[in-house]
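Please look at the sequence and the structure before reading the points below.

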Amino acid sequence: WEFNGSFYQPSAFLMMGIPGLEALHHWISIPFCALYLIALLGNCMILFIIKTTQSLHEPMYYFLSMLAVTDLGLVLCTLPTTLGIFWFNMRRIGFDACLTQMYFIHILSFIESSVLLAMAFDRFIAISHPLRHPSILTKTTVIKIGLAIILRGMVSLLPIPFLLKRLTYCGKTELSHSFCFHPDIMNLACADIKVNVFYGMIILLSTVGMDFIFIVLSYILIIKTVISLATKEECLKALNTCVSHICAVLVFFIPMIGLSMIHRFGKNIPPLVNTLVAYTYLIIPPALNPVIYSIKSSHIREALLRALRRK
């Protein structure tokens, strides 16, 4: 323990792997390595294909590039500590390093939520106003949306590390995961955390919560537009362009909502469930998103096949 000003803070926290299965960590690391490898290679492949294929230089694929970069960031944030625990039992993480990891994990999660909203808006414009789509979502507009998304995440989460540093910590220093998560750190404090709880709730609802509501509204409007189309074939063709995005939304939001509910209301839930939901939230979306888009997007699939034939 180190005395810092008028309060105590630990020099480090202890991270946890999978509770109750510590003896099997080396074996458990195999599927984790596979998921991390799929996420790294898959998202790099998406970025390479979009960059080198001129026909994919349009808003839908620019937003997909943003999603791939965000997923790569999430993977690189959690990979060192997760595999460090599974391979070498390196559980210790410095206090400031933990806050830094937590900050970037939350920023990237908020950015991913906002990118999914931007992709929903793109699909709505493409289906409801196809002739105006190129003039509404120009390259400049897409860049401005991307910068606004990054700025929104950075500014809204900037107070979180300072709110955690002001707390007094004592006794328990063991985290619930192999990465640093705001509610997890906050619950180790032996001080009044009402400000942290209130600010965290407000930020979550005003960013990720609002993104989810607007995504749902976008699809309600898309469905209304699709129903008004003349033929069944046109309806199916329009909806087919949204399938991969809907899958990405479900894969991201369901585990995120589940993890938030567990940290706030699930005190009696077994630690193993908490851990598995957390890994699902941070590892599964980056690994599945490239697979989903490679399977469902004919343009990505064709560009990938062309690249493989050239090799």
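**Helical spans and cysteines**

Residues 24-50 are 96% helix and 0% strand, and the end C-alpha atoms of this span lie 40 Å apart. Helices (H or I, at least four residues) and strands (E, at least two) are DSSP runs, numbered from the N terminus. The model is predicted: local features need pLDDT of at least 70, side-chain atom pairs count only at pLDDT 80 or more, and totals for chains, interfaces and linings use all residues. Residues are numbered from 1 along each chain as its sequence is written, and side-chain values use heavy atoms, with hydrogens and water left out.

**Annotated spans**
- An unreviewed UniProt entry lists "transmembrane region" for several spans, including residues 24-50 and 197-222; such annotations may be inferred rather than shown by experiment, and the positions follow the numbering used here, with feature names shortened.
- Residues 197-222 are 100% helix and 0% strand, with end C-alpha atoms 36 Å apart.

**The disulfide**
- The structure holds one disulfide, meaning a pair of cysteine sulfur atoms within 2.5 Å.
- Cys98 is joined to Cys180, with an S to S distance of 1.9 Å.
- Cys98 lies in helix H3 (residues 95-128) and Cys180 in the loop between helix H6 (159-165) and helix H7 (182-186), so the pair links distant parts of the chain, 82 residues apart.
- The disulfide is left-handed because the torsion about its S-S bond is about -120°.
- Cys98 is buried (under 20% relative accessible area; exposed is over 50%, partly exposed in between; 1.4 Å probe, protein chains only), at 0% relative accessibility.

**Another cysteine**
- The sulfur of Cys44 is 15 Å from the closest cysteine sulfur, in Cys77, which is too far for a bond.
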